[in-house]
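Me: I would like to go through this model by asking what stands behind each term. Please show the structure before we start.

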Amino acid sequence: MVAPATHDEVAKVFHNWSPPIRDLIAKFPEKLMKWGIFDMADHPAPTYASGRVAILGDAAHASTPFLGAGGAMGIEDALAMASAMQIVRDAETSAATIPAALQAFSAVRLERSQWLVQSSREMGAIFQCRDPSAGSDGNRWRVEAEQRTKKIWEFDVDGMVEQIRLEFEQRMAKAAHHLKEFMSCPAE
């Protein structure tokens with residue numbers, strides 16, 4: 001997760017930057033540490049639930065820090081999971097109830113949370129001038145950050161909870177239909 005680095009390494013990377021940045025780097029100690037930044041963009045989880053087990057937060061969708069919202073996604077997951085478990089508590093219990101609730105949670109959370117993983121990675125490339133379409137255009141950085149953070153912060157939490165309920169109801173209806181078909185099959 002960390003690797004040794006030197007003052008000279010950092011100074012070389014920033015040698016063309018403005019004098020205030022170079023002055024700041026000149027104050028760094030000789031021995032430094034590089035921190036690894038990892039995400040799940042290259043290997044996203046295909047689902048967050050299987051049977052009676054689910055993952056959430058960083059276990060489901062670890063993200064880079066460039067949008068500052070990984071923790072917020074985990075909190076949204078916690079609310080989504082609590083809502084799914086509230087539905088289970090209020091529903092008629094069957095063997096399919098918990099798996100249906102967990103699959104509803106996964107279905108609703110997957111797209112948004114994986115968007116964050118990819119979007120944060122893209123913002124990292126923009127902020128670090130590694131995105132050829134943005135270059136060092138500060139205005140592009142601002143526009144991209146504003147659009148992406150708007151999607152993060154203007155989220156309809158009540159709509160998410162309602163989606164989980166609807167998804168759960170659809171899954172339970174499908175399970176009831178399959179059970180009815182199974183029960184109506186003639187015995188041999």
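Me: How much of the chain over residues 29-94 is helix and how much is strand, and how far apart are the end C-alpha atoms?

Reply: Residues 29-94 are 38% helix and 14% strand, and their end C-alpha atoms lie 62 Å apart. Helices here are DSSP runs of H or I with at least four residues, strands are runs of E with at least two, and both are numbered from the N terminus. This is a predicted model, in which local features need pLDDT of at least 70 and side-chain atom pairs count only at pLDDT 80 or more, while totals for chains, interfaces and linings use all residues. Residues are numbered from 1 along each chain as its sequence is written, and side-chain values use heavy atoms, with hydrogens and water left out.

Me: What makes residues 29-94 a named stretch?

Reply: An unreviewed UniProt entry lists them as "domain: FAD-binding". UniProt positions are given in the numbering used here, feature names are shortened, and annotations may be inferred rather than shown by experiment.

Me: Which domains does the domain assignment of the protein give?

Reply: It gives domain 1 (2-35) and domain 2 (49-184), with bounds that come from an automatic or database domain assignment. The C-alpha centres of domain 1 and domain 2 are 38 Å apart.

Me: How does the radius of gyration of the protein stand against that of a compact globule of 188 residues?

Reply: The protein has 23 Å, whereas a compact globule of 188 residues would be near 16 Å. The radius is taken over C-alpha atoms, and the globule rule is 2.2 Å times the number of residues to the power 0.38. Along the principal axes, the C-alpha atoms fill a box of roughly 80 × 35 × 30 Å.

Me: Why is C129 called partly exposed?

Reply: Its relative accessibility is 36%. Buried means under 20% relative accessible area and exposed means over 50%, with partly exposed in between (1.4 Å probe, protein chains only). C129 therefore counts as partly exposed. C129 sits in the loop between α5 (97-127) and α6 (138-153), and has a positive phi of about 55° although it is not a glycine.

Me: Why is N16 called exposed?

Reply: N16 has a relative accessible area of 64%, so it counts as exposed. Its place is the loop between α1 and α2 (19-26). Of the 188 residues of the protein, 30% count as buried.

Me: What makes up the lining of the largest pocket?

Reply: The lining residues are A5, E9, V10, V13, F14, W17, L32, M33, K34, F127, Q128 and C129. A pocket is an open set of points on a 1 Å grid over the protein atoms alone, where a 1.4 Å probe fits, with protein on both sides within 12 Å along at least five of seven lines; lining residues have an atom within 4 Å of a point. Domain 1 (2-35) and domain 2 (49-184) each give at least three residues to this lining, and α1 (7-13) and β2 (31-35) each supply at least two.

Me: How many residues of that lining are nonpolar, polar and charged?

Reply: There are 9 nonpolar, 1 polar and 2 charged residues. Ala, Val, Leu, Ile, Met, Phe, Trp, Tyr, Cys and Pro count as nonpolar, Asp, Glu, Lys and Arg as charged, and the others, Gly among them, as polar.

Me: Which residues line the second largest pocket?

Reply: W35, I37, T64, F66, R121, Q128 and R130 line the second largest pocket. By class they divide into 3 nonpolar, 2 polar and 2 charged.
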